[in-house]
Amino acid sequence: MLRSDRRGRRRGGASRVGVAAVAWTALLATAACGGTTRDENAEPEDRGGPTGEADPDAPLRDDLVVAFLPKQVNNPYFTVADGGGETAVGEFGGEYKESGPTEASASSQVSHVNTLSQQGTDVIALAANDPNAVCGALDSARDAGARVVTFDSDTNPGCRDLFVNQATAEDIARTQVELIAEQIGGEGEVAILSATPNATNQNAWIALMEEELAAPEYADIELVTVAYGNDEDEKSFQETQGLLRSYPDLAGIISPTTVGLAAAARYLSGSEFQGEVALTGLGTPNQMREYVHDGTVESFALWDPAELGYLAAYAGAALASGQITGAEGETFTAGELGDYTIGADGVVVLGPPTVFEEGNVDDYDF
Amino acid sequence: MAHDSLYASPQRRPGAGRGRRRTAWVPRRWDAALVSALLLVVLGSALLVDGFATGRNAQFLLLDAVAIGLVALPMTLVVITGEIDLSVASTLGLCSAVMGQLWLSGWPLELVVVAAVALGAVLGAVNGVFVTAFGLPSLAVTIGTLAAYRGLAFVVLGDQAVADFPGDWTSAAVETAPGGALPWAMVGTALLAVAFGVVLHATPFGRELYAIGSNAEAARFSGIPVARRKFWLFVVCGAVSGLAGVYWTLRYASARADNGEGLELAVVAAVLLGGVSIFGGRGTLAGVCAGVLLLGVLRNALQLADVAADTLDIVTGSLLIVSVVVPNAVAMARARLARKDRHEGTHERKFG
Amino acid sequence: MTALRARRELGVLLALALLVAFTAADNSRFLSSQSIRDVLLSASILVVLAVGQTVVVVTRNIDLSVGSVLGLTAFATGKLFVAAPGTPLVVAVLAGVGLGALCGALNGALIAAARVPALVITLGTLYVLRGVDHSWASGEQINAADLPRSFLDFGTATVLGVPVLALVAAAVLLVVATWLGSYRVGRELYAIGSEPAAARLSGIPVGARVFLAFVVSGALAGLAGVLHAARYGTVDATVGSGMELQVVAAVVVGGVAIFGGSGTAYGAAIGALLLTTIGSSLAVLRVDPFWQQAAVGGLILAAIGLDRALAARTARRAAARSAADAAAGQDAGRRGEREATHGS
């Protein structure tokens, strides 16, 4: 009884392996057959690659498919930025779509880039979670004819055509240092509350802020530590608590991330430190409005993410229409934002950040 | 510990007497059903979804499935013995981080790869020791090492991302066999899957694993070294996770401490969808391979069809629920029917 | 058995005391009233979740969907206030608890009626509910400005210096722990976790009780969602992601056996408090934040190892005692052995 049972099971096992083999073969056959058809009809048409000639007078094409790939979908900041992109695409008459991962991890964007390239997207506007992880996929997308514009967070310059920078890192660092120096009266201990430890843009800004603080006019300001709130609300909240407890003489906190700034403001507003410890950084008016009005935060800075997305869409369209190739010195017009010139390494800068305070915070809605 | 298997639902214990015979058809039917579902989804996507049936898309799809597919193989064996390993994704991350650190410090890459896989084996052995030598529940142990290994990965590599791996290695990770559809990495995974399949379904060792999962006590009495078998499964699971870490690092050309975060749930979902019983003792490798591919194909096809990422979560979760509810409901209905038949049979005899 | 359990909880409490003492020795500000308030506030949500999880785990089941339930109810609470700004606090809390209970009932019905493993079902609903949350929110974020002042005050208010959220958590703990420990239904949950077959034979409606346990866990996750919305004021679709593992860790550290039948809500609550305190004290001690997660992992391993060692020792003693009592009848010895096994 037992033996026959066992033999039966073994036979079942073998047949199951057989079934698996058939399944694999079928899948691969499907794929392989597809392979030949793709080569026949998916030849990317030549739209003037980076090596081609720029024709500044070429009209913007009105049949472009422009896809926005944020670090994470359902992230309010990127929802606004992508919304700006959608406005721009509406203006020049293309097709807009948004696609992206639900988690902001380095590798999760790769399959989305692959999908977009597979769909024959003309322009991919990407905010990269990691400068290298998406490179392979972007290369293959560009080989297939897509133009790649990064915004907010860049990849390695070799993997994209253009980077739309929200503001130069120097501008961002300088603005925040100026704001905190003004708020703490030019002397005291300050700390930085950052996002994740390996966020590219955060680390670049922090390095520049350190440089800025080394200048003689800030000699009395000491940067005591950098804490990481991982761009998670709760973690940022806890890290703020930790900072205030560890550094009793802390005069101010800079949080160059919207999540961190909002969490720190909420903690301060409900604690004994409200108004005592200065807080500034990068934040959105909608999130910070309350804390500006209740006196927790005097002023903070940010660019308009909608303008960022808007500019990225126009830059991508200019590339795909052959107006520009991404070389330094070329110029293009970005709708109502006006003319932009491409800088070194294919970087376009949106402009200096906007400072929000009691007087103007109610004028913005994002 | 009175029970070696995981969350035995209070209503039902696996392999209990006659119930096992009556439901023995379920896994066989389930993996066949899954393979058919896979073929249907592939065919449907090829017909309905623009850009699905191309070699390039197959390459993308299969590349995405490699890491989950690799880790699912040893996980299948572990779950069949009634244990679970939730630390696989953290093992992957720690091996990736160590790989980056060793590469930074100038080790030759060949050696780095070997070291990463060996480290994976050691991490798996730590799990194995806790589970078998100390007799602790694997669910709790591997939740602990899930946190510990991920934490260590950050300790090792911190906020860095090591990205300067040689180009011929990173491109080898995505290179395809002639034809442009089948990545070599998937060929390797498939070969490994065949090896695992043979071991599980065609060797005495494999049969022992089923015996352990069905009833560890009985297995022990019949002379199977239960603890030793489980220990080595954890070691293999760690080593393969380390290998997946190497693949991940090279494929994304970046060694980071957060690589593969959250992958453990995707792997467990694929294994369970593949028809492996969480109680142990039941399931086939073919079913798991079909499960991995089905999830991969669905993800790819839905993405191509511009279905939002959140819908994918709903689909994955629903499939998982269906994968246990449907076979169970069918089995229960069958059992009730059989009972009714028997009942009527005696009835007739009585009066006939 | 009770002595063992008390010792186990004392152990976690002792670890907590040592951690606090060590941190305070390094930085006396750690014991300031503001700082204690912060830790209590941070812990209260995890405590509520851990208490709910205990109810499920003692029946030899698990609920991995709590993080998603929390996220969904937190967002629903925010939406409720956006739609009807005048909603009274009580109504919001009841709505959150109700939604959570509904999610729990879904889990419970699938598990108890379709007789399928809890781990698989709740892993499935973890994905499904998160997906529902994401597609409902679709990029929308509820900000503090959208929530009424009174609701936000509820999140930060204190009574005699103790945060209201901590009082809510304490009340939940007290009610559930008493229910589990002293009422028949509660004791039946332990019986189910110890020996399901025996529980059924002795006439306990196993399916109904397991269903109830999941409803309780869901309802408490719903309550935690409301508390989360009140405390943080900012809610988007990612709230509570990954929280399930933290909750299970708290429960395990608190001495609730992962195979059911043993452990108390008090232990789980202390476990949650310990995990939260580790986070705060490492920040205060200025330990590289990267070590924090590794420390939590080590703590979990230590806690389950300790449980095992304690159980083994008690089992040896019980065996010795039963040998000595052999003359007094085998029955007593067998009981002692069984208790020792359940204590593990």
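Let's start with strands β3 and β4 of chain A. Strand β3 covers residues 123-126 and β4 covers residues 147-151. They run parallel, and 4 bridges join them. Strands here are DSSP runs of E, at least two residues long, and helices are runs of H or I, at least four residues long, all numbered from the N terminus. Two strands count as paired if DSSP finds at least two bridges between them. Within this pair, A:Ile124 stands opposite A:Val148 of β4(A).

A word on the source. This is a predicted model, where local features need pLDDT of at least 70 and side-chain atom pairs need 80 or more, while totals for chains, interfaces and linings use all residues. Residues are numbered from 1 along each chain as its sequence is written, and chains are lettered from A, ligands numbered from 1, in the order written.

Now the whole sheet. It is open, has 6 strands, and pairs in parallel. The order in chain A is β2-β1-β3-β4-β5-β13. Which strands sit at the edges? They are β2 (95-98) and β13 (347-349) of chain A, each pairing on one side only.

Next, domains. Chain A splits into domain 1 (65-166 + 305-351) and domain 2 (169-302). Those bounds come from an automatic or database domain assignment. The C-alpha centres of the two domains of chain A lie 29 Å apart.

Last, the contact between chains C and A. Chain C gives 27 residues and chain A gives 25. Contact means C-beta atoms, placed from the backbone, within 7 Å. On the chain C side, α2 (33-57), α5 (118-137) and α12 (265-284) each give two or more residues.

Terms used
Two residues are in contact if their C-beta atoms, placed from the backbone, lie within 7 Å.
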